[in-house]
Amino acid sequence: INDKAFVYENRSEKFQQNNFLNIRFKGSEHNRFGIGAIAEIFYGKGQTQVAENSPCRGYLSSMDASVHFGLGSVTSVDSVHIKWPGGKQETIIHPSINRVINADISKALVNIETPGLVQPVFNEISNEANVHLRHLEADYIDFDIQRLLPHKLSEYGPGLAAGDVDGNGLDDLFIGASHGFEGTFLLQQPTGKFIQKGLPAVNMPDARKPEIMGSLLFDADKDGDLDLYTASGSNESVEGSKDYQDRFFRNDGKGNFTYDSAALPKNFASKSCVNAADFDKDGDLDLFVGSRLIPFKYPMPASSFIFRNDSDGGNIKFTDITKETAPGLLGIGLICDAVWSDYDNDGWPDLVIAGEWMPVTFFHNVKGTLEKVTTGLQNEVGWWNSIAAGDFDNDGDIDYVAGNQGENSYYRGDSSYPVRIYDIEGVKNGRQIPVPSLYLPDTKGEKKEFPAHSRDDIISQLPALKKKFLTYQSFGEAEMGSLFSKDDLKNGYQLTANYFKSVYIENKGNGGFRLQPLPEMAQMAPLNGMVVEDINEDGYLDIIISGNDYGTEVSTGRFDAMNGLVMTGNGKGSFKALSLKETGFFVP
């Protein structure tokens, strides 16, 4: 910063006799430099190179608006094919090498054949439907509390729910809100438009507006209308804060909701999801409530809960019965999503859970008691974000699709080179300082376990390491075993993840399952939300997916390579990822 500018001249041609070809573009009046033109060269025995004229390099930075091809010892090029923005193309035969070719769009007279227009599956109708709701989020920085987090934990809301809340036969929407704001209903009208209606204010002493992480519309009291449960979460308040108390709103059948302060047990865990099923088969809907984390203590395991529905005579009441019916949920981990489904076809709804730093976990329902079972998936530990159920192979039992971190991020691993996270300080003094690690090539090119963060970030949390590693080079060469002693690594709290692909989980029967990776397009980013529907009415279940995670710190970069995804199923457990042009589904 504030240093003098400098220029380096490339003089390598005086020492190495390599050949090249450079192409400069003259575009149309409104695109003078031909930005977006694509050049492809052909040479040798079927060899090709492709480059796009895209000179932008970072913030307010650019380079020469041309493309450069290094040819090495190649002495001739068969042809150059140029595709211009707008559809024109041209071919240059046997161009001379070691010079600049000036390509001019005015000489490109051949238009690329445009295939027939494809009618997309979805069309956005937000304006026509009168939907203009904008989510508001305070810029809370999780890294100020725990600097070495692999991602934020305060930006995973809001929860959404759909159902006919006003009794007019049309599905309405409830959209949750972030901390300090309130949720909103979008009520669908016969005209196809939606009317916006806010969640009623809670008029009580010390009333809070918690972050609505999970939303559930369900008939709690069997009166024929849908009531609302909102699960409170995030990482913005201290452990045990009233900001994490869930809320229940009773519906009068016409879409008018009233807060019921006595319906739910006191519970100040930070939640992620809520799901309903009559798991004890007594005729009413009970609840699984999943906890995302212990605030400020990532990655320590959180407890999740079973709330039994004890409503009677119009008095709505839920009771926490986790210790009696599902003790395996206590301290289970960092839950992101869950689904009730009867995977063994015994007539009792089972519970399937997806979470971070854990495998997809199954709880078998034994006549109202949930027992954790071994399914063959217990060794596939990932950052599982979402899960959806359906009979995708049409064999009569329930299969699953599970959304993971994907394979397009800094954090990638497998059983040989896993990703880990250590909490050394938490064991010593109760202050959680997570230190993620992953396997990277060392100076010899061999993969070794290194800290995932830089020297500056780690020293800001563990100042004692500053004297141990005085230079960036010494820190850059330091493996995890050099940062901490063997005893610290052995005795500290440790979690390992070895599977990051999003998958189809085939139900093989008899309590066994098999993982099959989803198509490559589904591995581009974390998969956060999924809807299972037969969108093309061919009799096979398809999947609609939203993804990405913008809550990362700068050196890691955002996980944002997905624009939404639709995959069609073939009824045999395989899926085809459709292009944005085919689907029209754009959710970046």
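**A quick tour of the predicted model**

The C-alpha centres of domain 1 and domain 2 sit 55 Å apart. The chain splits into domain 1 (12-110), domain 2 (126-336) and domain 3 (419-497), with bounds taken from an automatic or database domain assignment. This is a predicted model, where local features need pLDDT of at least 70 and side-chain atom pairs count only at pLDDT 80 or more, while totals for chains, interfaces and linings use all residues. Residues are numbered from 1 along each chain as its sequence is written, and side-chain values use heavy atoms, with hydrogens and water left out.

**The β4-β1-β7 sheet**

- Here 3 strands make an open sheet in the order β4-β1-β7, with mixed pairing. Strands are DSSP runs (E, at least two residues) numbered from the N terminus, and two of them pair if DSSP finds at least two bridges between them.
- At the edges you'll find β4 (66-72) and β7 (100-104), each pairing on one side only.
- On average, neighbouring strands of this sheet are turned by 20 degrees against each other, direction ignored. The axes behind that angle are lines fitted to C-alpha atoms, and angles run from 0 to 180 degrees between N-to-C directions.
- Strand β1 (residues 19-26) runs antiparallel to β4, and 6 bridges join them. Asn22 stands opposite His68 in β4.

**The β34 to β37 sheet**

- Another open sheet has 4 strands in the order β34-β35-β36-β37, with antiparallel pairing.
- Its edges are β34 (527-533) and β37 (575-577); each has a single partner strand, so one side of each is left without a neighbour in the sheet.
- Neighbouring strands of this sheet are turned by 25 degrees against each other on average, direction ignored.
- Strand β35 (residues 542-547) pairs with strand β36 (residues 565-569) in the antiparallel sense over 3 bridges. Ile545 stands opposite Leu565 in β36.

**Salt bridges**

- Search the whole structure and you get 19 salt bridges, each a side-chain nitrogen of Lys or Arg within 4 Å of a carboxyl oxygen of Asp or Glu.
- Lys152 forms one with Asp139, and their closest N and O atoms are 3.6 Å apart. Both residues lie in the loop between β8 (110-111) and β9 (160-163), so the pair ties together parts that are 13 residues apart in sequence.
- Lys152 is buried at 8% relative accessible area, whereas Asp139 is exposed at 62%. Buried means under 20% relative accessible area, exposed over 50%, and partly exposed in between (1.4 Å probe, protein chains only).
- Arg250 and Asp221 also meet in a salt bridge (3.7 Å, N to O). Arg250 is in strand β15 (residues 247-251) and Asp221 in the loop between β13 (211-218) and β14 (227-233), 29 residues apart.
- Of that pair, Arg250 is partly exposed at 26%, while Asp221 is buried at 17%.
- Arg420 bridges to Glu449, with the closest N and O atoms 3.3 Å apart. Arg420 belongs to strand β28 (residues 419-423) and Glu449 to strand β30 (residues 447-451), so parts 29 residues apart in sequence are tied together. Both Arg420 and Glu449 are buried.
- Asp206, Arg208, Lys242 and Asp243 are linked in a network of salt bridges.

**The cavity**

- The structure holds 1 cavity of 30 Å³ or more. A cavity is a set of points on a 1 Å grid over the protein atoms alone where a 1.4 Å probe fits but cannot get out.
- The largest cavity has a volume of about 60 Å³, which is the space filled by probe spheres set on the points.
- Residues lining the largest cavity include His151, Tyr156, Arg292, Glu356 and Trp383; lining residues have an atom within 4 Å of a point.

Definitions and conventions:
1 Å grid on protein atoms, 1.4 Å probe; cavity = no way out; pocket = protein on both sides within 12 Å on 5 of 7 lines; lining within 4 Å.
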